[in-house]
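Hello! Here are a few notes to read alongside the model. Please keep the viewer open as you go.

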Amino acid sequence: MDSADDSRVGPDGDGAGMSDLQALAVELRRMNGEINRLVHAFAHTQGLHATDVQALGAILDSDVPLTPGRLREHLGLTSGAVTACLDRLERSGHIRRARESADRRVVHLYYEPGAQAAARSFFMPLAEAAAGARSASGPGELEAALRFLGRMNGELGRMQVPRR
């Protein structure tokens with residue numbers, strides 16, 4: 001193998017060359033930028049902060065009802081910042097807080113169905129873009145992308161980030 005070929009081999013010798021990883025990083029940044037553009041526009045139309053929209057996504061995507069504490073950990077915010085965020089979201093009709101357990105100190109967060117429908121409507125172009133990309137993809141590409149993104153999110157989730 002000559003030196004030109006060495007740049008195409010990843011650190012594990014698996015053929016995932018740095019140029020491929022760099023291209024992936026560029027595409028992930030571009031996609032993140034486009035999604036952030038939509039998130040900021042949605043936040044602006046709703047009188048929210050971009051962090052509030054991140055909180056809504058976390059509440060929507062959680063398999064179990066989130067508590068403010070778990071949301072704080074997920075977003076990496078202080079408890080005061082999460083309280084302010086939840087206050088804004090509740091005032092704007094996007095979420096409700098509920099004390100449903102025997103322990104009345106436990107608060108669960110729920111995305112209000114009407115607000116969820118408004119968000120779906122706003123983000124419909126994102127869903128349409130995904131459908132367009134899927135229709136232009138070959139057999140198995142979506143499944144491979146989902147597996148990769150799932151593994152990538154797992155790796156990112158294990159990263160230790162400084163607490164605020």
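How many aromatic pairs does a search of the whole structure find?

1. The search finds three aromatic pairs. Rings of Phe, Tyr and Trp (its six-membered ring) pair if their centres lie within 6.5 Å, with planes under 30 degrees apart counted as stacked, over 60 as edge-to-face and the rest as tilted. Phe 42 and Phe 123 make a tilted pair, 5.2 Å centre to centre with 50° between the planes. This pair links distant parts of the chain, 81 residues apart: Phe 42 is in helix 2 (residues 18-46), and Phe 123 is in the loop between helix 6 (113-122) and helix 7 (124-135). Helices (H or I, at least four residues) and strands (E, at least two) are DSSP runs, numbered from the N terminus.

2. Ring pairs also join Phe 42, Phe 122 and Phe 123 into a cluster. Both Phe 42 and Phe 123 are buried, where buried means under 20% relative accessible area, exposed over 50% and partly exposed in between (1.4 Å probe, protein chains only).

3. Have a look at His 94, in the loop between helix 5 (79-91) and strand 1 (95-98). His 94 counts as buried because its relative accessibility is 1%. Leaving aside neighbours within four places in sequence, its contacts (heavy atoms within 4.5 Å) include Phe 42, Leu 56 and Tyr 111.

4. A word on confidence: this is a predicted model, where local features need pLDDT of at least 70, side-chain atom pairs count only at pLDDT 80 or more, and totals for chains, interfaces and linings use all residues. Residues are numbered from 1 along each chain as its sequence is written, and side-chain values use heavy atoms, without hydrogens and water. The mean pLDDT (the predictor's confidence in each residue, from 0 to 100) is 87.
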